[in-house]
Amino acid sequence: MKFIHNKPHLIESECETIYYTDGVKIAKELQMTCLMPKYKNAIGLAHNQVGGNKRVFVAKINGKWRAFINPTIINKSDETYSTVEGCMTFPNKPNKVVRHSWVEIEHQVNARNSNNGNMFTTERFEGDAAQVIQHECDHLGGIHIHNK
Ligand SMILES: [Zn+2]
């Protein structure tokens with residue numbers, strides 16, 4: 001079981017692309033961590049928050065945990081808003097951030113050798129879902145709520 005560390009320097013470099021099937025395994029580990037009672041307030045977790053460095057995060061979207069492997073934000077609203085956000089790496093140290101109202105994200109849903117469809121899919125998220133997606137995509141780029 002992987003625990004969330006509290007070492008900001010470990011989450012300030014960019015994560016690396018990963019093979020899809022390895023990403024699925026990492027996502028399962030991340031979700032196991034989020035389901036631990038001590039992390040009951042978690043709504044998202046990126047691989048570098050548990051000491052890894054791959055482009056994988058999990059997020060609770062409309063009450064359901066989802067895995068995002070090799071994700072990229074490919075479009076976002078012009079409209080932004082300011083809000084106060086927390087982060088599992090910085091317990092009890094929320095910070096003010098600016099977020100886009102909606103984002104479109106591309107992420108991998110099939111291995112390269114899969115014969116049943118596209119490797120990547122595109123999804124659009126709004127509101128709370130868009131906020132957690134932006135927070136976690138920031139993490140994969142080495143950005144967090146205190147260095148943004
Ligand atoms: Zn965070």
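Biologist: Leaving aside its neighbours within four places in sequence, which residues is Phe57 in contact with?

Modeller: Taking contact to mean that the C-beta atoms of two residues, placed from the backbone, lie within 7 Å, Phe57 is in contact with Leu30, Gly44, Leu45, Ala46, His47, Phe68, Glu136, His139 and Leu140. This is a predicted model, in which local features need pLDDT of at least 70 and side-chain atom pairs count only at pLDDT 80 or more, while totals for chains, interfaces and linings use all residues. Residues are numbered from 1 along each chain as its sequence is written.

Biologist: And which residues touch the most other members of the largest nonpolar core?

Modeller: That core has 25 residues, and those touching the most other members are Leu30, Leu45, Val56, Phe57, Val58 and Ile133. A nonpolar core here is a set of buried Ala, Val, Leu, Ile, Met, Phe, Trp, Tyr and Cys residues joined through C-beta atoms within 7 Å, and a residue is buried if 20 or more other C-beta atoms lie within 10 Å of its own, exposed if 12 or fewer, and partly exposed in between.

Biologist: Which element gives the largest share of this core?

Modeller: The largest share, 5 residues, comes from α2; the elements giving two or more residues include α1, β2 (56-61) and α2 (127-140). Helices (H or I, at least four residues) and strands (E, at least two) are DSSP runs, numbered from the N terminus.

Biologist: Switching to Val24, is it buried or partly exposed?

Modeller: Val24, which is found in helix α1 (residues 20-34), is partly exposed because 15 other C-beta atoms lie within 10 Å.

Biologist: What does Val24 touch beyond four places away in sequence?

Modeller: Val24 touches Ala67 and Ile69, and although Val24 and Ala67 are 43 residues apart along the chain, their C-alpha atoms are separated by 7.6 Å.

Biologist: How many bridges join β6 to β7?

Modeller: There are 7 bridges between β6 and strand β7 (residues 120-126), which run antiparallel, and Glu106 stands opposite Thr122 in β7. β3 and β6 also pair in the antiparallel sense, over 5 bridges, where two strands count as paired if DSSP finds at least two bridges between them.

Biologist: Zooming out, how many helices and strands does the protein have?

Modeller: The protein has 2 helices and 7 strands, following the pattern α-β-β-β-β-β-β-β-α along the sequence. Buried residues make up 32% of the 148 residues, and the C-alpha atoms fill a box of roughly 45 × 40 × 30 Å, taken along the principal axes.
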